[in-house]
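I am opening my notebook on a structure that is new to me, and I want to write down what I look up as I go.

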Amino acid sequence: MLKNDRYIKAALSQPVDMTPVWMMRQAGRYLPEYRELRAEAGDFMSLCTNPELACEVTLQPLRRYELDAAILFSDILTIPDAMGLGLYFKSGEGPAFKQAVKTESDVKKLYVPDIYEKLRYVTDAVTLIRKELKGEVPLIGFSGSPWTLATYMVEGGTTKNFGEVKGMMFSQPKVMHELLDVLAKSVIAYLNAQIESGAQAVMLFDTWGGVLSTANYREFSLNYMQQIIDGLKRNHDGQQIPVTLFTKGGAGWLEMMVESGADCLGLDWTIDIDEARSRVGEKVALQGNMDPCVLYSTPERIEAEVGDILSKFGSGNGHVFNLGHGIHPTIAPENVKAYVDAVHRLSVQYHS
């Protein structure tokens, strides 16, 4: 039984006493204790693949702040790594793969990995985190969307123009669909394994869906996220599992995203939350949507921004407060406290 179930209730558009708050990338580089642990571990992947260390990193922000949810510490690229592509991290450059997916034959070699064999370190971490949380707050599991995973796999790492992945999409759409299909099946297995291991909510990160046109977003991104949501365990151990879909840069497609079957839609900071709420109505909850850079300002400015977003959403159910994307690594930890405390203090008036 959860002692604090605000996040679960809000993501399911149920009444709460105050607006719940958490942050994307809340376990990470802005915390000095994280940097110390990463230095001891040696590298990022050593943290991800060690369940005890992943558990410790997940819990670190909860010791500092009164957050309403924990999110599994991991990486979105664990699935392609489990497919044998050889994930590694270049210093200062981000993730890369030893083997990129460039051709139809490369795609045909891919397979849905055995999650409990290839990604056992993730499911073991989920189980350990749930145990250590002792029911204080819920644990969120997550995965990258098929399109987002495909961008890294085809490009071989990070990219600025998405030329190779879009090139495959336009010149070999059948091959791209084959790639996205095996990724969707893998994500279903991965998220269901997280749920079975103890995740009480899940989130799909569609980080690069916003680089597509409307028609291509529907065909090559949203279509596969809907397939995933249709395949998820939506109830486990007698509890409903809320699903959040977040497409960065997707403010223009909210009406389409509602069709996915997600319980909650994540918003970046490019849309006012009152406009988003007027467009989706009561069909889904909304997560967001403060610009992470506001956290570089003063506690007074942070509180004003929090108050503005809460006011725009207004009274009623279905708001999970979050940043519009992940917290930046150079944010001062004390400003995060100002943010979390402001959400709780200022939101009470909107919940009768």
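I began with Cys293, which counts as partly exposed because its relative accessibility is 40%; buried here means under 20% relative accessible area, exposed means over 50%, and partly exposed lies in between, with a 1.4 Å probe and protein chains only. I noted that this is a predicted model, in which local features need pLDDT of at least 70 and side-chain atom pairs count only at pLDDT 80 or more, while totals for chains, interfaces and linings use all residues. Residues are numbered from 1 along each chain as its sequence is written, and side-chain values use heavy atoms, with hydrogens and water left out.

I then looked for disulfides, taken as pairs of cysteine sulfur atoms within 2.5 Å, and the search of the whole structure found 0. Cys48 is accordingly in no disulfide, and its nearest cysteine sulfur, that of Cys55, is 14 Å away. I also looked up the accessibility of Cys48, which is buried with a relative accessible area of 2%.

Ala54 is buried, with a relative accessible area of 0%. Leaving aside neighbours within four places in sequence, I found Ala54 in contact (heavy atoms within 4.5 Å) with Leu47, Cys48, Phe73, Ala125 and Ile129. I also noted that the C-alpha atoms of Ala54 and Ala27, which are 27 residues apart along the chain, are separated by 9.6 Å.

Next I asked how many residues of helix H9 (residues 146-155) are buried. The count is 10 of the 10, so H9 is largely enclosed by the rest of the structure; among them are Pro146, Trp147, Tyr152 and Glu155. Just after H9, I found Gly156 with a positive phi of about 85°.

Last, I looked at the protein chain as a whole, which has 16 helices and 11 strands and whose C-alpha trace spans about 60 × 45 × 40 Å along its principal axes. Of its 352 residues, 58% count as buried. In the protein chain, residues 24 or more positions apart account for 72% of the contacts with a separation of 6 or more.

How values were computed
Helices (H or I, at least four residues) and strands (E, at least two) are DSSP runs, numbered from the N terminus.
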